Amino acid sequence: MNALLDFRGAGAVIYKELRQIMRSPFTLALAIGVPMVQMLLLGYAINTTVEHVPAAVFREDRGPAAQAFIDGLTGSRTFDVVEYVGDRNALRSAIVSGRVRVAFDIPPNFTADVVAGRNPAIGSLIDGSDSAIAQVAYGSAIALGGIPLRNFTTGAIPQFEVRPIVMFNPSMRSANFFVPGLIGLVMQNITIMLTALAIVGERERGTLDQLLVTPIGTAGLMFGKLIPYVLVAGVQFCAVLLVMRFIFQVPIAGNLALLTAVSLAFLLVSLGLGLFISTVAQTQIQAQLMAIFILLPSVLVSGAVFERSLMPEPMQLFGYVIPLTYYIEILRGIIVRGAGIAELWRSMVAMLAYGVITFVLASIRFVRSTR
Amino acid sequence: MSDAIAIDALTKIYGERAVVDAISLSVPSSSVFGFLGPNGSGKTTTIKMLCGLVHPSAGRATVNGYDVVTQSDLVRRSIGYMAQGFALYGDLTVDENLEFYTRAYGLGARGRERKDAVIETVGIGRYRHYLGAQLSGGWQRRLALAAALIHDPPLVFLDEPTAGIDPVARRDLWDLLFRLTAQGKTFFVTTHYMDEAERCSSLAYIYEGRLLAKGSPEEIRELQEVTPRGSVRYTIATDEVMDVFRRVRSIEGIRDATIFGRDIHVVVDASMTALALAGALRLDPSRVSPVEPSLEDAFVMLTRSRLQDERAS
């Protein structure tokens, strides 16, 4: 296994690879530009029906009116109550961590106030990350106030209202949802495609054998091939962040350093997948088809384009198989909701585990394929 | 003169098939060694084993005194390798390609000087800033040779260096190889061209992984199997090659017939004179004359006698 640690010649390969990348800047521009345009089109064109939005409830009143409200909530198609929490902070963190999109806070004395006709208000927090969901949730939440409380009768018609507050994206702009997803896709797709093509290209043109008789080590060759694409991905990352911040006007609520670190970690996944493809594919066409085979499902179910909580259950489960899902959850968490490690550690651990496993397995395959 | 390569019963088995079957050879220094055989006979696999790219299944080999298995690192540093086809980068310039190999061999401060030296050697200076893809086939091979020479190795493997390039470029490349052997370099070359084989100082011919003959071109032409005892070789010049060829094969006492362009080389029983052969074919006697076996005759005969042995066993 010492071939895995033979880094000689990495510098030479990096030199060559960068020269080759710079030789065709048009290809590179195309590679970066096309998915952006695609995403812009997708982002503006997609509209989904909003149902089964996951919700959390903090119930400070034990009375029958509160129970009647919860029954109404669970009976609605719009909301699914997935969590009951014990205090107001937990309500907030359920949203920041991305577990729920909506939270309801039933105040103490709610039943008493309804009975007394004091017109109490139920507080509601709405995650504005996905503007489409937020808008529907906002309307539905207010409408809950007008619904008669079933199984709860006093002499008069019970009166109360729901006062929703949209968090993170108060103006409910769609850019705040799809642009972070775009970052995830761009970071994944180009990196997988370019690394796979760069390595398979050497095999296809017969230049790999010529390389293998030089003292360039296997790890030197591998990292020499990958590092230039880490640089490309870095440039790309900065570009999409700038576009996001200054063209789409989406502010980064969380920590930029954390965002960068997580994105670097995600590169392990996409470089690993690219490397893996390169060990299987014999021609560039094959590599391209295999890349599409991996990319297409990840575009559809990772949550980059379609909100995951709106998908049917099996699709949501399938999403957990795809590493991009975790990255996009982290991206939205940091950028839109200002989440940190405390709220996102589960996704971070899952993504990192994916990355390390993919990368190590791909490296081992790569070392074998060059012997 | 010490040997640049010593091969002892080198074998490579893929699955059930011995692609290279117990080959033993030695290649003297400062020479051009020709390694011949039909496509798929195991030439490239042998070269890859000698370069340390493929592990032998059995047997051993030393290259420049280093064992190809246990000292493959030292082997790689001491050899140059020019793969089949154009195995450099079409989207890098001549200079960038060489710069890459300079760095790959870690030549450091010596790099600049070596790069200039190989550019001078192969004479590619005026194309220095052309992209690899813009060069003609002949110049691409010269560039590849320059890259293979960048670290000044005493021994260079060339896998079909002249396949697909024009005759003038072919001759130029061979002249260059001979100039370099005069400076002490050794070349291990595979080729399908008989005129190139004739120019080699020694040859090996392999067929289906087995070594059928080795020696200088003269030695190979004089082998027993090439002109079996009691037989003689004639050449028949004719304008109706196919027609005469068909008739030749039905003659009593014929052992072999091979078409070479507008000539047919035949091997017949020694009792048959040129006159008798011409008579049997109803040709003018001036059309038939005795001939020395060419290298191609030799390889054809070696292959046929191997096939007969296989059928017999």
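Modeller: With domains, then: their bounds come from an automatic or database domain assignment. The model is predicted, so local features need pLDDT of at least 70 and side-chain atom pairs count only at pLDDT 80 or more, while totals for chains, interfaces and linings use all residues. Residues are numbered from 1 along each chain as its sequence is written, and chains are lettered from A and ligands numbered from 1 in the order in which they are written.

Colleague: Into which domains is chain B divided?

Modeller: Chain B has domain 1, residues 3–215, and domain 2, residues 222–312. Their C-alpha centres are 36 Å apart. Eight residues from domain 1 of chain B and eight from domain 2 of chain B make the contact, where contact means that the C-beta atoms of two residues, placed from the backbone, lie within 7 Å.

Colleague: Which elements give two or more residues to the side of domain 1 of chain B that touches domain 2 of chain B?

Modeller: They are α7 (194–199), β9 (202–207) and β10 (210–215) of chain B. Helices (H or I, at least four residues) and strands (E, at least two) are DSSP runs, numbered from the N terminus. The largest share of that side, three residues, is from α7(B). By class, the side has seven nonpolar, no polar and one charged residues; Ala, Val, Leu, Ile, Met, Phe, Trp, Tyr, Cys and Pro count as nonpolar, Asp, Glu, Lys and Arg as charged, and the others, Gly among them, as polar.

Colleague: What is found in the loop between β9 and β10 of chain B?

Modeller: B:Glu208 is in that loop. Its phi is near 45°, a positive value in a residue other than glycine. B:Glu208 counts as partly exposed because it has 19 C-beta neighbours inside 10 Å. The rule is that a residue is buried if 20 or more other C-beta atoms lie within 10 Å of its own, exposed if 12 or fewer, and partly exposed in between, with C-beta atoms placed from the backbone.

Colleague: Why is helix α3 of chain B described as largely enclosed?

Modeller: Ten of the eleven residues of α3(B), residues 94–104, are buried, so the rest of the structure largely encloses this helix. Among the buried ones are B:Leu98, B:Phe100, B:Tyr101 and B:Arg103. Their cover includes α1 of chain A, along with α4 (111–122) and α5 (137–148) of chain B. Just after α3(B), B:Gly106 has a positive phi of about 60°.

Colleague: How many residues does each chain give to the contact between chain A and chain B?

Modeller: Chain A gives 18 residues and chain B gives 21. On the side of chain A, α1 (10–23) and α8 (207–212) each supply at least two residues. The most, seven residues, come from α1(A). That side of chain A has six nonpolar, eight polar and four charged residues.

Colleague: How many helices and strands are there in chain A?

Modeller: Chain A has 14 helices and five strands. Of its 371 residues, 47% are buried. The five strands form an open sheet in the order β2-β1-β3-β4-β5, with mixed pairing. At the edges stand β2 (79–85) and β5 (161–167) of chain A, each with a single partner strand, so each has one side without a neighbour in the sheet. The twist averages 25° from one strand to the next. Strands count as paired if DSSP finds at least two bridges between them. In this sheet β1 (residues 53–59) and β2 of chain A pair in the parallel sense over six bridges, and A:Pro54 has A:Asp80 as its bridge partner in β2(A).

Colleague: How should I read two packed helices?

Modeller: Two packed helices are described by the angle between their axes and the distance between the axes. Here α7 (residues 175–205) and α10 (residues 256–280) of chain A have axes that come within 8 Å and cross at roughly 35°. Residues in this contact include A:Ile192 and A:Ile199 of α7(A), and A:Phe266 and A:Leu273 of α10(A). By class, the residues of the contact are eleven nonpolar, seven polar and no charged. Axes are lines fitted to C-alpha atoms, for helices over the stretch in contact, and angles run from 0 to 180 degrees between N-to-C directions.
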